[in-house]
Amino acid sequence: MKRRDRFTIPGKYILLALTILCVITMSLSFLTDFDGGFLNMATGYVLIPVHKGINRAGGWLREKVENLEDLKEVKGENERLREQVADLTLENSTLLQERYELEELRKLYELDNDYSSLNKIAANVIGKDTGNWFHMFIIDKGSEDGIHVDMNVIAGGGLVGIVTKTGPDWAQVRSIIDDMSNVSAMILKNSDLCYVRGDLQMMTEGTMHLNELRDLDDEVEQGDKVVTSYASAKYHKGILIGYVNEIKTDANNLTKSGSLTPAVDFEHLSTVLVITDLKQQVDTEKADPEEAAEEGEETE
């Protein structure tokens, strides 16, 4: 059995009928002067609900339009705030960088005063070997600036290393934490001699080797300052190297060994001071052959 299609009236015809009805009603209301009756009743049941519906629809549309305008303003304000945040972030980064550089310069200034008797020149670190530590690095001053091999390099709290190579506008520095470095040192309070040797593996714990300490009177304690010795052929006397970390007697019962905490932060180096005064070379005939041989390992 074929299903019959459901009869529907197109919407445009309904709208047309309502429009005609409204026009007729308005005409009758205008032509006939009566309050109440069927016409007013019909108006109350037909036109007022339609009017309310139109008002509600208009109010809904107006609210949506206002919301869209508010949303557009909020998006614009959000974009402006993002730009301000980006500008402030950049400004803050710049200020932090300037603050860090100022602190570095203050440290160099204090260090310069500590070794005021020596001539020095400031230099920036422009390159380094791979790894976390500045055990070999390049500075932006060279032979044209008066830099020569074996000049001492200091920064932060004290001794950094020694110049090993130079170019016209650059120089290579080997720091005291490098495995090839061996510095003649002494305990500041009693001038007991020792050697400070670099070890990159030990630097993971922030320490270096302290060897052949001649502490005959058992005076050396943890925290004592260790400086470059008068016996060093290349390093100026009295430059701070670090602080005794731990110490114990060697098997020969004549010397002591242990570890030292360096005074310089070898994980963060950006500026250094190069001492342009070379230490007078010790007469090889008068120097201790063992000390000369051991310190000779510092240069290439």
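Is Asp140 buried, exposed or partly exposed? Asp140 counts as partly exposed because its relative accessible area is 24%, where buried means under 20%, exposed means over 50% and partly exposed lies in between, with a 1.4 Å probe and protein chains only.

Before the views, two notes on the model. This is a predicted model, in which local features need pLDDT of at least 70 and side-chain atom pairs count only at pLDDT 80 or more, while totals for chains, interfaces and linings use all residues. Residues are numbered from 1 along each chain as its sequence is written, and side-chain values use heavy atoms, with hydrogens and water left out.

View 1. Strands here are DSSP runs of E with at least two residues, helices are runs of H or I with at least four, and both are numbered from the N terminus. Two strands pair if DSSP finds at least two bridges between them. Strand S10 (residues 240-249) runs antiparallel to S11, joined to it by 7 bridges, and Lys248 has Ser257 of S11 as its bridge partner. Strand S8 (residues 208-213) also pairs with S11 in the antiparallel sense, over 4 bridges; here His209 stands opposite Ser259. Look for the turn of the S10 and S11 hairpin as well: 6 residues lie between the two strands, and Asn253 in the turn has a positive phi of about 60°.

View 2. The structure holds 5 salt bridges, each defined as a side-chain nitrogen of Lys or Arg within 4 Å of a carboxyl oxygen of Asp or Glu. One of them joins Asp215 and Lys256, with the closest N and O atoms 3.0 Å apart. This pair links distant parts of the chain, 41 residues apart: Asp215 is in the loop between S8 and strand S9 (225-228), and Lys256 is in strand S11. Asp215 counts as buried because its relative accessible area is 5%, and Lys256 counts as buried because its relative accessibility is 12%. Salt bridges that share partners join Asp215, Asp218 and Lys256 into one network.

**View 3. Two further salt bridges.** Asp178 and Arg174 meet through their side chains at 3.4 Å, N to O, and both residues are buried. In another salt bridge, Lys141 meets Asp140 at 3.8 Å, N to O.

View 4. The structure holds 1 aromatic pair. Phe134 and Phe137 form this pair edge-to-face, at 6.2 Å centre to centre and with 75° between the planes. Rings of Phe, Tyr and Trp (its six-membered ring) pair if their centres lie within 6.5 Å; planes under 30 degrees apart count as stacked, over 60 as edge-to-face and the rest as tilted. Both Phe134 and Phe137 are buried. The charged end of Lys128 sits over the ring of Phe134, 5.1 Å from its centre (NZ of Lys or CZ of Arg must be within 6 Å of the ring centre and within 35 degrees of the ring normal).

**View 5. Ile138 in strand S2.** Ile138 belongs to strand S2 (residues 136-139), and it counts as partly exposed because its relative accessibility is 25%. Ala171 is 33 residues from Ile138 in sequence, yet their C-alpha atoms are 5.6 Å apart in space.
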